[in-house]
Amino acid sequence: MTPLSLTESWEMEGRRLAPLLDGMCAVVIAATDAALATSMALGVARAQGQRRRVAVADLIGEAPAIEALLTGDDPHGISDSFLYGVSLNKIARPMAGVDNVFLMPSGTEAVAHAEVYANERWRRLAAGFHQVGALLVVVANPAAPGFGDLCAYVGALMPVGDTVFPTPPGVPLIAPPAPPTPEPPAPTPRPNAARARAAAVEDQSSRRRRLIAMMSVLGAVAVAGGAFWPQLMARLPEPVAALLTGKPRAPDSTAIVVPPTPMDTSVRSDSATRDSLLGDSTDAIIPGLDSVPPASASLAVENAADSAAASRYAVYFATANTRAGAMPDARVRALDAVALSPVAEGNEQWFRVTVGASATRAQAESLLTKLRSQKIVGSGSIVSVPYALRLARNVTPTVIPTRLAELATRGIIAYALLQPDGSATVYTGAFESPVQATLLADSLRALRVETVLVYRTGRAF
């Protein structure tokens, strides 16, 4: 039998570890040796492709293993899509000899730079794959600029190989595997027949003695336990007691992993021709976005002097291509400073949900850690969103719940931050730039709600 090469071994390892990604929709696979990362990714894609649609994106740059499996001769790829707007539907090509798997080559220009790696479009792509239940596999170089941002946007990292590289903090690692051994281990020498028979007899005798001793102990315990059974059951934890008695118990809500806000699953007529991996199949569409209506000119910031004191950092929670799809559930709405913000990017519109308002990144990281421990977010990331639309100021804190509830009845998702003088300020939205705030400002103006663009200041209650 011809021994497997190292790359073949890693592809087999990818197939073996593929079930670890069953509950995921996007992952970065990276290694200092590009051939190993590519082999692992192709193995994962082949195995996962038997159950759902998979796309493999080449951020290595003309990875030979991927190039060899491309069909057609179109040179366009990721670089052309991210830098020049070429449709993903155009660059995604079926993998030769494999159904349900698509390859997105690197393209006509280099991809190993921050303009591609640190592009926030990866977050939207991951959200799109989440929406349709497909899997995005990004093969990347951990030494490329922007690698940490890429992992944060995609949401998970699977490191490959025995060479350790720095992993981005806060990004979940998926089963870092030990390097597979190409050669099978030598068989263990067999003992001679006489010694094997003697060992078997001795082992059987030893097992019999242990069984008799165990039965004696269990008998004594059963006699003693009968008298104290009620007291014993009263001291057991409820889940254990329910298991022993067979009684149903209420579900343990603390054990439920709360997923991010589900993405909208409706299909738009304009999305059917954009960013699709399987042409006309509606369940294969990566979500398109509504066309962005013309917005007013960029708003002026009223409190420019407060820029240094802005509570600019928040935890990114979810993004959807409709407001209904982005609407957070009751558990998330109960958190502090939850902002639902329509944001325009190019000719596309998204609805983004962020949580919290922190003056320092360290405070935001602490909140993110807390939300992960409570299983409210999976991976999450920190975003800088210093701007907000102010709805009211100098509000007495005791009336804030009533004020927020009134706004909610009008469809306005608002939040309040406590100011140094003890009053509260009511905001809506959280934005990276003044231009982003114009869409929401126009929408509120149509409802006859006047707002002012400000640096948001204050702290959560």
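How many disulfides does a search of the whole structure find? The search finds zero. The model is a predicted one. Cys25 is buried, at a relative accessible area of 17%. Cys151 is also buried, and its relative accessible area is 0%.

The largest nonpolar core holds 35 residues. Within this core, Val28, Leu59, Ile78 and Trp122 touch the most other members. Helix H8, spanning residues 147-154, contributes the most to this core, giving five residues. In soluble globular proteins, nonpolar side chains tend to be buried together.

The contacts of Val28 were then listed, leaving aside neighbours within four places in sequence.

Strand S5 covers residues 135-140 and is mostly covered, with six of its six residues buried. Leu135, Val137 and Val139 point one way from S5. Leu136, Val138 and Ala140 point the other way. Residues on both sides of S5 are buried.

S5 pairs with two strands, S1 and S2. Strand S1, residues 26-30, runs parallel to S5 and is joined to it by five bridges. Here Ala30 has Ala140 of S5 as its bridge partner. Strand S2, residues 54-58, also runs parallel to S5, and five bridges join the two. In this pairing, Val138 of S5 is the bridge partner of Ala57.

How values were computed. Residues numbered from 1 in each chain as written. Predicted model: local features only at pLDDT ≥ 70, side-chain atom pairs only at ≥ 80, totals over all residues. Heavy atoms only, no water. Disulfide = S-S within 2.5 Å. Buried < 20%, exposed > 50% of the residue type's maximum accessible area, 1.4 Å probe, protein only. Core = buried A, V, L, I, M, F, W, Y, C linked by side-chain atoms within 4.5 Å. Helix = DSSP H or I, 4+ residues; strand = E, 2+ residues; numbered from the N terminus. Contact = heavy atoms within 4.5 Å. Pairing = 2+ DSSP bridges.
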